[in-house]
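The sequence and structure are shown first.

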Amino acid sequence: MHLTKRFFTMNALAVLLSIGLTVLAGVIFVAAYTKVFAREANIQEWNRAFEVRTKINAIKNEALKREFEQLLDQRYQQELADRAREAGADAFLFRNREVVFATRPYNDMDLKKSFMLAGDAHYQDTLELDGKTYVFARAAYKLSSTEDGVLLLLAPIKLNTGFALLLGLFIAGFFILVFLLTNLWVSYTFSRGIIMPVSRLKNAAVRISEGDLSREIAEVGEGEVRELSRTLELMRLKLKESVYLQQKYDENRKFLVSSISHDLKTPVTSIKGYIEGIIDGVAQTPEKMEEYLETARSKALLVNSMIDDLLLYSKLDLNQLPYHFQQTDLAGYFEDCVADYRYEYEKMAIRLELIDELEKPVSVYMDRERLKRVIQNILDNAAKYADKADGRVTIFLRETRTSAIIEIRDNGEGIPEHDLPHIFDRFYRADPSRKDAGGSGLGLAIAKQIVEGHEGKIWATSVAGEGTRMMISLRKAQ
Ligand SMILES: Nc1ncnc2c1ncn2[C@@H]1O[C@H](COP(=O)(O)OP(=O)(O)O)[C@@H](O)[C@H]1O
Ligand SMILES: [Mg+2]
């Protein structure tokens, strides 16, 4: 429910509840009072007072329609007496303050006093006489400039004003108390559902503004406050992501700069050296000259491929290259790979073989071009680090229930055990002296990026001196 609506509903509820409870309490109070004291608080007494009041006022109003002279008529007085008796009242007619008619014998003093009191009372219709309460009605007539006439109706009632006062006080007190309590309840509910969560959200926002993005913002409060906390949490996650990305960008830029200065500088320096040798005439014979140029060219090619690797690695690292996954038959794909490399391998006198141990065709989702890059890097390494006369590289295709496993096994020099965990790190080379052997040290780092982009895994086992096994697992397509 919207907060505004809730607020109004709860407040209305509080008022209604207070009124309801007060009425209930009043009824119980009256019932208990009459039960315990069993006296004047009788409701019938109240009803009767009300009735008497209505009746004598009716008589008075009716009398006011007549002339005072008519009231002095015998027949009217008879009727007046009957009606007054019926109402439980007495009627008195005054002419110039002197009684001219009375429905009962009276005490002159008392009647005079009643007359005075009734004349003075402007805002009430009861008077006290000798400790008794009377309700009265008074009709005044102007007869001439000096004469006047008055009809006074007096009816004794038993009104326990003490009880009325008590009841009034009780009801007022009770209402105030209940109203305060319900208000307290409304305030408490609101503070619990809104004010406290809002202040908690405020603290969270302050933390975020101070750069602390690690703490999760719990969904708290109700209605709009809950939505707000959800939005704030979303904002925190987005911010965290962008900060992370920013850090990664920075790191990448630093990495590019430092690798350009370290790894690219060496071949560029040597290119510079060979070219200067030619210019300075160090290479005197045409053969020497050609040798220098050839070396400079191969170094330039190396620089070129290093730059390619660097850019590719950096883009992969920032997830800037989209993958184009296609469902591909594994055996067919590797047959093509082997066909592509066979000629190159033959030139280096290395035997390349494919052993398909799959029971039935297995297909995987792969980006064919990109995975080629992985195989190329691994096969290049196998060739580069081959050290035996009968060089051999074998590709095995196997499967588990959910994955396809590709093993590329060579019988080259192998990788020392302590290097094994690092070969997939960027720029890691097991033997730094082989820096000149070509290669950026990024080959396996790129391979790892790409395989992980396929949600696959790549790892290696090796025995130094005997050979290396590169393993790739990819999830089967199904
Ligand atoms: N088949 C292999 N046999 C022996 N050593 C290997 C093989 N493959 C990788 N390595 C080791 O892992 C390191 C990292 O490989 P890579 O990332 O391709 O860089 P690079 O080939 O440019 O040196 C290599 O320097 C090498 O020491
Ligand atoms: Mg390599």
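## Nonpolar cores

In this predicted model, the largest nonpolar core has 37 residues. Those touching the most other members are Val-374, Ile-378, Ile-408 and Ala-447. In soluble globular proteins, nonpolar side chains tend to be buried together.

Apart from neighbours within four places in sequence, Val-374 is in contact with Ala-447, Ile-450 and Val-451. Ala-447 is also among the core members that touch the most others.

## Domain layout

Three domains are assigned: domain 1 spans 42-159, domain 2 spans 229-315 and domain 3 spans 323-475. Between domain 2 and domain 3, the C-alpha centres are 24 Å apart.

## Where domain 2 meets domain 3

Contacts between these two domains involve 8 residues of domain 2 and 8 residues of domain 3. On the domain 2 side, helix 7 (223-279) and helix 8 (286-317) each supply at least two of the touching residues. Helix 8 gives the most, with 6 residues.

What classes of residue make up the side of domain 2 that touches domain 3? That side has 5 nonpolar residues, 2 charged residues and 1 polar residue.

Terms used:
Residues are numbered from 1 along each chain as its sequence is written. Chains are lettered from A and ligands numbered from 1 in the order in which they are written. This is a predicted model: local features need pLDDT of at least 70, side-chain atom pairs count only at pLDDT 80 or more; totals for chains, interfaces and linings use all residues. A nonpolar core is a set of buried Ala, Val, Leu, Ile, Met, Phe, Trp, Tyr and Cys residues joined through C-beta atoms within 7 Å. A residue is buried if 20 or more other C-beta atoms lie within 10 Å of its own, exposed if 12 or fewer, and partly exposed in between; C-beta atoms are placed from the backbone. Two residues are in contact if their C-beta atoms, placed from the backbone, lie within 7 Å. Domain bounds come from an automatic or database domain assignment. Helices (H or I, at least four residues) and strands (E, at least two) are DSSP runs, numbered from the N terminus. Ala, Val, Leu, Ile, Met, Phe, Trp, Tyr, Cys and Pro count as nonpolar, Asp, Glu, Lys and Arg as charged, and the others, Gly among them, as polar.
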